[in-house]
Each structure stands twice: as structure tokens, then as C-alpha cells.
Amino acid sequence: MDDARKLKIAGQFVSALPFSRALGLELVSLEGNVCEMWMPYREELVGQPDTGVIAGGAVSALMDTCCGTAVLIHPEAVTGTATLDLRIDYMRPATVGKDIIARAECYHVTQSVAFVRATAHDGEGETPVATVAATFSVERRMPR
């Protein structure tokens, strides 16, 4: 799959998800089986008004979408996917006012399952905001 095709598929996937648009998710880069995605800091995404920290659910949605996109752009040309399992470890609260970037790598694909790992950071310190280990279903085009 060439880079233009990957970008088209990833863009269609991200823009087709209403929650993705609501969160303001944007693709940062696509390379091989790695996807980077950006979520801007916004008051509407704050989970605790007294602290100003972005809600964990918004971070989880960012990482799930980034992981799914990494599966769709994998060189084995997956045609569809869905989350089977996603384990997220919140390492620390995101820094108030900082955007969050997720980086997901689809590191192994079988006939029916893709394995993905991801991190999210806000550019502050060496500890990520969250890490993910996930599995996704794999849909392939049937041979004719």
C-alpha cells in the first residue's frame, strides 16, 4: 500500500467517527505500521473541573482510534478492524493546557487478530500520560 492510499484510508477512518471529530483528533504521521495522532487540549475535554485535567475517557478514545488506524495502514492491507481488547495504564495526569499525542504501532498480525501497543504523551517529562496494549479484529478482502 502506498503512502497516498494509507493517508486516504486513515483520513476516512478518523473522519467517519463522530467521537473522533468531537475530540478534534488529527493525524500527525503515518509510517509503515506506525500512526501518530494529536488531540488538542480543550476545556470541553476536562474530566475534573477543579484540576483542569483532560478526562481519561478522552485519552482512551484517542489511543483506541490511533491503534485502530495503525491496524488499517498495516502493510498486510487489512480492510476493516474493531477493538477486541484494550488495556490502558494511566501513568500520570496530562499536564493542564497541553495537547496530547498518541503513537501506536501494529507489531504483529495473524489471519484474524492484530496486536498493537501505544503511548500517549504531552511533551512534559519522560513519563508518558498513558500506555496501551491492545488487540483488534482483522477483516481481509476475500479472494475471488
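This is a predicted model: local features need pLDDT of at least 70, side-chain atom pairs count only at pLDDT 80 or more; totals for chains, interfaces and linings use all residues.
Buried residues account for 40% of the 144 residues in the chain. Among the charged side chains, 13 are positive and 18 are negative, and the centres of these two sets are 9 Å apart.

The secondary structure consists of three helices and eight strands. Their order along the sequence is α-α-β-β-β-β-α-β-β-β-β. The chain has a radius of gyration of 15 Å, close to the 15 Å given by the globule rule for 144 residues, so it is as compact as a globular protein of that length. Along the principal axes, the C-alpha atoms fill a box of roughly 60 × 25 × 20 Å. Of the contacts between residues at least 6 apart in sequence, 63% join residues at least 24 apart.

The largest nonpolar core contains 41 residues. Within this core, Met39, Ile54, Met63 and Ile100 touch the most other members. Two or more core residues come from each of α1 (3–16), β2 (34–39), α3 (56–72), β6 (100–109), β7 (113–121) and β8 (130–137). The greatest contribution is that of α3, which gives ten residues.

With neighbours within four places in sequence left aside, Met63 is in contact with Ile88, Ala102, Ala118, Thr119, Ala120, Ala130, Thr131 and Val132.

Terms used. Residues are numbered from 1 along each chain as its sequence is written. Side-chain values use heavy atoms; hydrogens and water are left out. Helices (H or I, at least four residues) and strands (E, at least two) are DSSP runs, numbered from the N terminus. The radius of gyration is taken over C-alpha atoms; the globule rule is 2.2 Å times the number of residues to the power 0.38. Buried means under 20% relative accessible area, exposed over 50%, partly exposed in between (1.4 Å probe, protein chains only). Contact means heavy atoms within 4.5 Å. Lys and Arg count as positive and Asp and Glu as negative; His and the chain ends are not counted. The place of a charge is taken as NZ of Lys, CZ of Arg, CG of Asp or CD of Glu. A nonpolar core is a set of buried Ala, Val, Leu, Ile, Met, Phe, Trp, Tyr and Cys residues joined through side-chain atoms within 4.5 Å.
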